[in-house]
Structure formats: structure tokens, C-alpha cells
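Dear colleague,

I am handing over a structure to you, and below it I have written down what was found in it. Please keep the model open while you read, so that each residue can be looked up as it comes.

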Amino acid sequence: MRFKEQVVFITGGAKGLGKAIAKEFLAEGAYVGVNGRNAEAIKRFEEEFKGQPVLAFNTDVTDYEGMERVAAKVVEKWGKVDILINNAGVVNPLVPLEKIKKEDFDKVIDINLKGTFYAIQTFGKRMIEARNGRIVSISSQVGLFGEKGFLPYTISKSALMVMARSLAYEWSKYGVTICTLAPGFIKGGMNEGLIRKEVFVEFLSKKTPIGRMCTVEELVSCVLFLASKDAQYINGETITMDGGMTGYTPDSLLDFIGKGK
Ligand SMILES: NC(=O)c1ccc[n+]([C@@H]2O[C@H](COP(=O)([O-])OP(=O)(O)OC[C@H]3O[C@@H](n4cnc5c(N)ncnc54)[C@H](OP(=O)(O)O)[C@@H]3O)[C@@H](O)[C@H]2O)c1
């Protein structure tokens, strides 16, 4: 039980990858709080984990005052917050840069970037008071080098990486550390619709040297590792878990020369 009686808050933790992360923290002895915009999902989460130490809030991460109330209630109930997982995130409709609508750009930046900052500030000030805290932000591999069609998303995810750097410089002295995880394409969560079509699974698998998408279990295991004491010296850093995809071009010169023989 790596997280016995540790208090963990996961933004957007009632659905998708966040819920899988919540389930594993509970299995490892943690008290888990989550939030989300969808009231039905919040209710389902409460029902699924009834009898376990959970708190679920129908609060949007872009609502600063709402997040302040959520953080206050978590600390009121359990006396502290040890770990914050910044998981809430949305992706923009996949279109070229010249066709991105202003409202789509604003929405992605509001949720992925501003929302993460709001969670960090509202929960983080309580960590500072306690002189103890660990923050893990879920970024994305596409935040490292950009990707066609994903401009708002890539900017928002890239910003989380530098946010972690700055925060490590500022908050380490208070006993609060942070790191960022940059996963590749995961077989679940926001890709649930895509992966029902085998053609997409094949396409995304071919983009990675490892030859397959990342499983939800692999993602969860990495998040818990980064939140754990085993990873405490990883601070301000972004860890990539993308099966070797970063910088990879499936058609290499080596293969091309081979074909030309
Ligand atoms: N799946 C992947 O391949 C992949 C790869 C790299 C990184 N990621 C990152 O992993 C994180 C989780 O993604 P996922 O795949 O699990 O996506 P998902 O299934 O769409 O889940 C997103 C979660 O974020 C919550 N959320 C969205 N906007 C919110 C808001 N304004 N306030 C509060 N909660 C909000 C959603 O709940 P509500 O809709 O109820 O608000 C939901 O619980 C995201 O940050 C994503 O960018 C995913």
C-alpha cells in the first residue's frame, strides 16, 4: 500500500484515464477526490466507489472560486492534501491552423492551461502551508514538438512542462515538488471512439517504434510511480512515455537505402 492514508486529488477524475488513476490510488490505500463538469459522471463515480474514501465534485476546473471551494472541502474532510494529479483536459477539433475557431482555441487554453494553474494554486497553497505536496501534471508527447492539426492542444500541453520547471524553482523550498508526464497515444480515454476502428489503432501503432499504443494500465502505473516517494527526486522534469515515438520517422534513410538495394 504505497499511498496508505495519503490524500489525492485528481482533476477530471470521474471519467476516462482519471477514473482509472483514481481506482488504482484507492487500491493503494489513498483517499481520493475528483471533479468534473458532467453531473451524471460524478454521480456514477460516487455510486461505483460507494463505501470507499472518495469525494466527487461537479465543478469545472475553469471556475477558480469553485476550485477554491473544492480544495477547502477536501482539506476540511481529510485534514490535508498530499498529491494533486492535473488530469482534466480536452483536445481541439482536428483542423489545420488556419481553420481553428477562436472559441475552440479559447476552450482548450482555458481548460488545459488555465484550469491546471487554478488547480495548482488552490491546492498548492494548502500544500505550502503543510510544507508537503506532490503534483503530477498530465501533458502530452505532442506538447514537445507540436503536431499537425493540434495547435491549441500542443500549446496548452507544452505550457504545463514549463509551468512545472518554474514551480520547482519556486516551491521546492516549501516541500512541494512537481513533475509532468508526456504520454503518447493511449488505448482509452479520449481515444475511446477512435480505437473502435482497427484502422486507427494500426495507424497509431505504426507511428511508434514499440509497435502499439500505450495501455491504460501502463499510463496509470507511470502516474502512480511519479506521485510516489520512489520518484521524489524527479522535480520540474517532464517524463516522456511514448513507446519511443518522440522524433521517430517510420520511413528512415536506413530503411530507404535498404529498399533501394
Ligand atoms: N488518451 C490519450 O491518448 C492521452 C494522451 C496524452 C495525454 N492525455 C491527457 O490525459 C488526460 C486525460 O485524458 P483522457 O484520455 O482520459 O480524456 P477523456 O476521457 O476525455 O477525459 C477527460 C477528463 O477531463 C475532464 N474534464 C474536461 N474538461 C474539464 C473541465 N473543464 N473541468 C473539469 N474536468 C474536466 C472530463 O470530465 P467532464 O467531461 O465531466 O468535465 C474527463 O473526466 C488529458 O489531460 C489528456 O490531454 C491523454
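Arg 131 is found in the loop between helix 4 and strand 5, where helices (H or I, at least four residues) and strands (E, at least two) are DSSP runs, numbered from the N terminus. Arg 131 has a positive phi of about 55 degrees although it is not a glycine. In general, most residues other than glycine have a negative phi. Because Arg 131 has 10 C-beta neighbours inside 10 Å, it counts as exposed; a residue is called buried if 20 or more other C-beta atoms lie within 10 Å of its own, exposed if 12 or fewer, and partly exposed in between, with C-beta atoms placed from the backbone.

Before going on, please note that this is a predicted model, in which local features need pLDDT of at least 70 and side-chain atom pairs count only at pLDDT 80 or more, while totals for chains, interfaces and linings use all residues. Residues are numbered from 1 along each chain as its sequence is written.

Glu 5, which sits in the segment before strand 1, also shows a positive phi, of about 60 degrees, without being a glycine. Glu 5 counts as exposed because it has 12 C-beta neighbours inside 10 Å.

Turning to the sheet, 7 strands form an open sheet in the order 3-2-1-4-5-6-7, and the pairing is parallel; two strands pair if DSSP finds at least two bridges between them. Strand 3 (54–57) and strand 7 stand at the edges with a single partner strand each, so one side of each is left without a neighbour in the sheet. Neighbouring strands of this sheet are turned by 15 degrees against each other on average, direction ignored. Strand 4 (residues 83–86) and strand 5 (residues 133–138) run parallel and are joined by 4 bridges, and the bridge partner of Ile 85 in strand 5 is Val 136.

Which strands does helix 6 touch? Helix 6 (residues 151–171) packs on the sheet and touches strand 5, strand 6 (176–183) and strand 7, and its direction makes about 165 degrees with that of strand 6. Here contact between two residues means that their C-beta atoms, placed from the backbone, lie within 7 Å, and axes are lines fitted to C-alpha atoms, for helices over the stretch in contact, with angles that run from 0 to 180 degrees between N-to-C directions.

In strand 7 (residues 238–241) we find Ile 239, which counts as partly exposed because it has 16 C-beta neighbours inside 10 Å. Leaving aside residues up to four places away in sequence, Ile 239 touches Cys 179, Leu 181, Ala 182, Leu 226 and Ile 234.

The largest nonpolar core has 61 residues, of which Val 8, Val 32, Leu 84, Ile 85 and Val 223 touch the most other members; such a core is a set of buried Ala, Val, Leu, Ile, Met, Phe, Trp, Tyr and Cys residues joined through C-beta atoms within 7 Å. Helix 4 gives the most to this core, with 7 residues.

Finally, 29 residues surround the ligand, and the closest are Gly 12, Gly 16, Asn 38, Gly 89 and Gly 189; a residue is near a molecule if its C-beta atom, placed from the backbone, lies within 6 Å of it. The elements that give two or more residues to this shell are helix 1 (16–27) and helix 4 (102–130), and the largest share, 3 residues, comes from helix 1.

With best wishes
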